[in-house]
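Colleague: I have just opened this model and would like to learn how to read it. Could you walk me through it?

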Amino acid sequence: MNRVNLFLIGVNKAGTSWLYALLNQHPAVFMAEEKELYYFGDTGRDAEAPRTPEAYHRHFPFDEDYQYFGDATVMYYRHPETADAIQAYNPDAKLLAIVRDPIERLLSQFQYHKQLGILDESTSLGEALDGRDPKLLRDSHYEETLPAYAECFGPEQFTIVSLEAGKSSPDAFWNDLLHFLSLPEAPRPPGDERPKNPTGSAAFRAVYRHTVRPLRRLWPGAYRRLLGHPAARAAKRSLLALLGTAGSKGKVLSQDLQEDLREEFAPTYAYLRELGFEVYDGGP
């Protein structure tokens, strides 16, 4: 084997880091240590992202005995044409997308964009939705991008999973993953219902903007390598434990805004119900 054959294509702030970590613990799966390789499509790659097949393949030990070699770049889902690029690269690949309640996902991204400095900390959600941050709404409209992958690869090669289903029925979720990927049976890794990349509180976000963000902006390659380092992950967990994570929906959404978002995402909830996700039966 000399091709990547497993792609985690998104969705952003919907549990992709959790799914990446879960898959990586199966003994037959190797997920690239550098998450977010940005090899396919116009997905906002930085100058150090791999641009040639040789550079891309250096992230994968093809001479080792793994059933799958995986790339987890959550921005792939943003551009339907990326499906064609991945199919041209490996028409036999399998792909996964993970979704989340679209409003909950939007709120997580809203707080995360404050952490990144895309939005000012004082920006309200209403102001962000009023044209300041168009990605908030766009990224939750799964029905606008994911069908291209379903059409390109079909149900045997592409599937969509739900963060809520993974949390509520972790054993069934794990078994479904094994079945889709035709992986050997293996015990579900313990303790993997916890978020792997939670968005921090306002205090955490302030620390991030003054420390990690300059590194990310000035030395993106070093930043991406740091993401997978155990010491960096441990430091982040400790800081999150000290400063807390982002607030709940009730602290952000007014009743009117919640109703507006329910109307906005009516097609999204309908799409999720068509996929058979019963956890979304409370949508419009």
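Below, we talk through the sheet, some helix contacts and a pocket of this predicted model.

Colleague: How are strands of a sheet held together, and what is the bridge partner of Met31 in β3?

Modeller: Strands of a sheet pair through backbone hydrogen bonds, either parallel or antiparallel. Here, β2 and β3 (residues 68-72) run parallel and are joined by three bridges. For Met31, the bridge partner in β3 is Gly70.

Colleague: Are α4 and α5 roughly parallel or roughly perpendicular to each other?

Modeller: Start with the axes: those of α4 (residues 102-116) and α5 (residues 125-132) are 11 Å apart, and the helices pack at an angle of about 95°. Angles from 65 to 115 degrees count as roughly perpendicular. Therefore α4 and α5 are roughly perpendicular.

Colleague: How many nonpolar residues are in the contact of α4 with α5?

Modeller: From α4 come Leu106, Leu107 and Phe110, which meet Leu125, Ala128 and Leu129 of α5. The contact has no polar and no charged residues. The number of nonpolar residues is six.

Colleague: How many charged residues are in the contact of α13 with α14?

Modeller: The axes of α13 (residues 255-264) and α14 (residues 266-274) cross at roughly 55° and come within 4 Å, which makes α13 oblique to α14. Arg262, Glu263 and Glu264 in α13 meet Ala266, Pro267 and Tyr269 in α14. By class, three residues of this contact are nonpolar and none is polar, while the number of charged residues is three.

Colleague: Last one! Which element gives the most to the lining of the second largest pocket?

Modeller: This pocket holds about 290 Å³ of space. It is lined by 14 residues, and those closest to its centre are Val161, Ala165, Phe173, Asp176 and Phe277. By class, the lining has nine nonpolar, four polar and one charged residue. Although β5 (158-162), α8 (163-168) and α9 (170-181) each supply at least two lining residues, the element that gives the most, with five residues, is α9.

Note on methods
Residues are numbered from 1 along each chain as its sequence is written. This is a predicted model: local features need pLDDT of at least 70, side-chain atom pairs count only at pLDDT 80 or more; totals for chains, interfaces and linings use all residues. Side-chain values use heavy atoms; hydrogens and water are left out. On a 1 Å grid over the protein atoms alone, a cavity is a set of points where a 1.4 Å probe fits but cannot get out, and a pocket is an open set with protein on both sides within 12 Å along at least five of seven lines; lining residues have an atom within 4 Å of a point. Grid points are joined across faces, edges and corners, and a volume is the space filled by probe spheres set on the points. Ala, Val, Leu, Ile, Met, Phe, Trp, Tyr, Cys and Pro count as nonpolar, Asp, Glu, Lys and Arg as charged, and the others, Gly among them, as polar. Axes are lines fitted to C-alpha atoms, for helices over the stretch in contact, and angles run from 0 to 180 degrees between N-to-C directions. Angles under 35 degrees count as roughly parallel, over 145 as roughly antiparallel, 65 to 115 as roughly perpendicular and the rest as oblique. Contact means heavy atoms within 4.5 Å. Two strands pair if DSSP finds at least two bridges between them.
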